[in-house]
Amino acid sequence: MSSNRSLLGRLFGGLFALVGFVYKLIVIGFVLLIVGGIWLALQGGPAPTLEDNVALVIYPTGELVETTDQDATQRFIEDFVGDAPAQTSLRSLTEALERGATDARISLAVLKLDAMWGGGAAQQQELAAAVKAFRASGKPVFAYGPYFEQSHYHVAAQADHVSLDPMGMVFVEGYDAYQSYFKEALDKLGVDVHVFRVGEYKSAVEPFERNDMSPEAREANREWLGDLWASYNRDVGSSRQLPETAMHDYAVGLAAALKQSGGNAAAVAKERKLVDAVETLAEFRKRVAEKVGWDDDSGTFRQVHHREYLRVIEHEHRMQAQADKAIAVVVVQGDIVDGDSEPGMAGAETIADLLTDARLDDEIAAVVLRVDSPGGSVFASERIRREVRNVQAAGKPVVASMSNVAASGGYWVSMDADEIWAHDSTITGSIGIFGLVPTFDKPLAKLGIHSDGIGTTPLAGAFRPDRPLSPDVAVLIQSQIEQGYKLFVEGVVAGRELPEEKVREIARGRVWSGADAAALGLVDQLGGYNEAIAAAVRLAGLDAGAYRVEELKDEREFPLQRFLDVSGHARLSVLKSWLGPLAALTPVERIAQNLLWLRDPRGVYAYCFCTPSAGSITRGSLR
């Protein structure tokens, strides 16, 4: 009888399992149907149209990036709830301005930049150049801000007319390169950080072995920071028809000027001719409406947002015949790491796959490698460089276009390009290698935790962080560092066709501005993205207008499971990104976040802590 019940139990158990499986399939299918329907609805709708005589509104939100790399879940949720994007690509802004300059339906442009954060000096120059080109078409540009931070004002100053809210401020402070140093704290904790490097200017390791900036790092930083600040002053001064030292003098005397004016920062900005009008947003809207008319339905001037405008252009472009040949753009953005790309990190496998796709695609005639990276893993950087050489071996030229920073590993991936283009404010060079190996045997011993055992060779267990670093391991690592530096120097010698003696003199881990790098031969030409595209067209032998530009991206599928897991990582990443710079991290969390690039399998890195800061008075900064 017991046997029969057991058999029946198994039969019913199997039946219930089958029913449960079918039920789960139905539920999953239903959810997929709903999500897919919503997604299609968001992407679909009637073909976008554009009226005549409207203002093109350039209103970036979130972080300014070379290419959007946020999680697909986040993009879906932003679209679904109607939130502003957490990232804005630089290319979307410049393309909208370029298209609008020749579009008869666009009468003028309006810049509103206060919701944008991030973006370095080179990106600001690119956007400023696009504004200048728009003005050169004969169409005016108006800029409005409730306040202008330094990065905002760099672009807004290119406008014909700049308006500031009566309670606003133009806050310009210059560039700085401050960082935290941990040696004393590490000594108190008993943590030994074993540093291996080549090049006296390779200051990325200094926070672990000093309590202050070395004289060598101070000398190098003073030079490239000065170059960036001089470039900012020239750009703004020439646009506002002010002396070249006007912005420097404004920053130096701002405190005294505010005290004298009773704290009226807007009046100070107008008196110094940094803005043309001090007015509310309502007054500014009426000013623009005098040019393009008033829209009673929206309660403001007639306008089209740059994102909607690009939708119109994309739809119209699809209706036209496409050129047979393409210039592929592959973006290396963020810390260079092994494996696949993640937000803020350029994964070597992902980048290499994109370059392979470009090499194998017969329609692609040349590649522009757009680099905005301080480097990272040497192994990952070399993985990307090898694929660049494979593209060239297939007969397709590669042009490197440097953005804000292309230093250390960022220069490594660029050094074999047929031509290297950079802005005068690009941070590059830092040709050096280092390694870090922390050991925690001393603080563990204080807690009564000890390590002991045996190994079959002197290297067995030698890399355990709870054991002291042996002399053999130190020799092994230093040898790897020196070999990596040798390969780096030899690569620069071959790629840039420079004498080895000169490369060794300008290497040593030293950071250079783009202007200095061009004078030294590390960079071929000064110019931005458009100039790099033109160079690729020239090297590929293509006729003007007989090509299209195509950015290659790692298109990931929509991660349904992460969308459904509302209590997991997806929710946290979306929340943090929505909070943006307001999501202030603790110092320990910031340190941990900044060390996520430490993934090289050999522990050998080409990385540069050389991104300048221009602080913010309105929000926390994660820069």
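**View 1. Helix 8 and helix 9 sit roughly perpendicular to each other.** In this predicted model, helix 8 (residues 215-240) packs against helix 9 (residues 246-260) at an angle of about 110°, and their axes are 8 Å apart. Two packed helices are described by the angle between their axes and the distance between the axes. The axes here are lines fitted to C-alpha atoms over the stretch in contact, and angles run from 0 to 180 degrees between N-to-C directions. Under 35 degrees counts as roughly parallel, over 145 as roughly antiparallel, 65 to 115 as roughly perpendicular and the rest as oblique. On the helix 8 side you'll find Trp 229, Tyr 232, Asn 233 and Val 236, which meet Ala 246, Met 247 and His 248 of helix 9. Contact means heavy atoms within 4.5 Å. Helices (H or I, at least four residues) and strands (E, at least two) are DSSP runs, numbered from the N terminus.

A word on the numbers: residues are counted from 1 along each chain as its sequence is written, and side-chain values use heavy atoms, with hydrogens and water left out. Local features in this predicted model need pLDDT of at least 70 and side-chain atom pairs count only at pLDDT 80 or more, while totals for chains, interfaces and linings use all residues.

**View 2. Arg 234 and Asp 424 meet in a salt bridge.** Their side chains come to 3.4 Å, N to O. A salt bridge is a side-chain nitrogen of Lys or Arg within 4 Å of a carboxyl oxygen of Asp or Glu. Arg 234 belongs to helix 8, while Asp 424 lies in the loop between strand 19 (419-422) and strand 20 (427-429), so the pair ties together parts that are 190 residues apart in sequence. Arg 234 is partly exposed at 35% relative accessibility, whereas Asp 424, at 19%, counts as buried. Buried means under 20% relative accessible area, exposed over 50%, and partly exposed in between (1.4 Å probe, protein chains only).

**View 3. Glu 126 pairs with Arg 370 in another of the structure's 37 salt bridges.** The N to O distance is 3.3 Å. Glu 126 is in helix 4 (residues 121-136) and Arg 370 in strand 16 (residues 364-373), 244 residues apart. Glu 126 is buried at 9%, and Arg 370 is buried too, at 1%.

**View 4. Helix 13 and helix 14 are linked by Glu 349 and Arg 383.** Their side chains form a salt bridge at 3.1 Å, N to O. Glu 349 sits in helix 13 (residues 348-360) and Arg 383 in helix 14 (residues 378-393), 34 residues apart. Glu 349 is partly exposed at 31%, as is Arg 383 at 26%.

**View 5. Three parallel strands make an open sheet in the order 3-2-5.** Strand 3 (87-89) and strand 5 (116-117) are the edge strands, each pairing on one side only. Two strands pair if DSSP finds at least two bridges between them; strand 2 (residues 62-65) and strand 3 have three. Look for Glu 63 standing opposite Gln 87 of strand 3.

View 6. The Gln 333 side chain makes a polar contact with the Asp 69 side chain at 3.2 Å. A polar contact is a pair of N or O atoms within 3.5 Å; within protein, one must be able to donate a hydrogen and the other to accept it, and residues adjacent in sequence count only if both atoms are side-chain atoms. Beyond neighbours within four places in sequence, Gln 333 touches residues including Val 65, Thr 67, Met 345 and Asp 372.
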